[in-house]
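Hello,

Here is the structure I promised to pass on to you. Have a look at it first, and my notes follow below.

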Amino acid sequence: MRRHARALSWQARASLVAVAMVGLVVLGAAATRGGDAPSGVLGATPPVTARVDYWPPVPSPRPVPSPSPAPTTATPQPSPPPGGAASTPPVEEKVRATPSTSPAALAPGARIGLEPVTHPGYRVRHRDFVGRIDPVGAGSSALDRADSTFTVRAGLADRSCVSLEAVNYPGYYLRHQDFAIHLHRREPSALYAADATFCPRAGLAGRDVSLRSYNYPDRHIYHERSRLFIASRGDGAAMTFAVRPA
């Protein structure tokens, strides 16, 4: 019995040693692979997970737009008048004329008619208080002949120039307004006096006389489509008049 018990004890010890050896082999294999140790085995080393730090991408700086230049508004310039009526330019642009010596026919106190050299038999006249040219002769009505007759006066703005007073409307003078010729009653203003003063000069057609505006010395009395204006350009003949006795 005692011998049998010893034999059994030796076998049990051998079994325990064998189990321990198997466990060591398994642990060694797991460590060599770097894998997970089998569950239930003590001392198993957990797997090591590599740590990767994440950094969000840095956004590119947004371009700063350049400021747009402020728009520049050009000051519109007036178009020159087409040889006839136009709006009155600023007063500061006016330049006083150098007075010319009046021809003897335009002496103050004389009654005269003005005949455009381009239209023989026509006369400068007023009608409905507007300056114009119309056919006027010995056979015309008394009204037409009176409307085309003027008394020469010393210039209201400069006595070396002239102003033209209507014989049938005493106190009314030919004057320009908005570059058109009108017959207006005299006003006690420097502007009216300047607008109603004209300086005679040698005719731009090479004969007779042209009447230059006192306060717009680059403009002369000019006829176009039977109307009278002061113009700075155009046919010189249309700015020339023969002085006729009334």
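Y172 is partly exposed in this predicted model, with a relative accessible area of 21%. That value is not under 20%, so Y172 does not count as buried. Y169 is partly exposed too, at 32% relative accessibility. The rings of Y169 and Y172 form an edge-to-face pair, with 5.5 Å from centre to centre and 65° between the planes. Together with F129, these two tyrosines make up one aromatic cluster.

The structure holds four aromatic pairs, and another one of them is F179 with Y216. Here the ring centres are 5.4 Å apart and the planes stand at 75°, so this pair is edge-to-face. What does the pair link? It brings together distant parts of the chain, 37 residues apart: F179 sits in the loop between β6 and β7, and Y216 in the loop between β9 and β10. F179 is buried, at 2% relative accessibility, and Y216 is buried as well, at 5%. F179 has a further neighbour in R219, which lies over the face of its ring at 4.0 Å from the ring centre.

Now to the strands. Strand β1 covers residues 111–116, and five of its six residues are buried, so the rest of the structure largely encloses it. Which strands does β1 pair with? Two bridges join it to β4 (residues 150–154), and five bridges join it to β12 (residues 241–245). The β1 and β4 strands run antiparallel, as do β1 and β12. On the β4 side, R111 stands opposite T151; in β12, V243 is the bridge partner of L114.

Best wishes

Note on methods: Residues numbered from 1 in each chain as written. Predicted model: local features only at pLDDT ≥ 70, side-chain atom pairs only at ≥ 80, totals over all residues. Heavy atoms only, no water. Buried < 20%, exposed > 50% of the residue type's maximum accessible area, 1.4 Å probe, protein only. Helix = DSSP H or I, 4+ residues; strand = E, 2+ residues; numbered from the N terminus. Pairing = 2+ DSSP bridges. Phe/Tyr/Trp six-rings, centres within 6.5 Å; stacked < 30°, edge-to-face > 60°. Lys NZ or Arg CZ within 6 Å of the ring centre and 35° of its normal.
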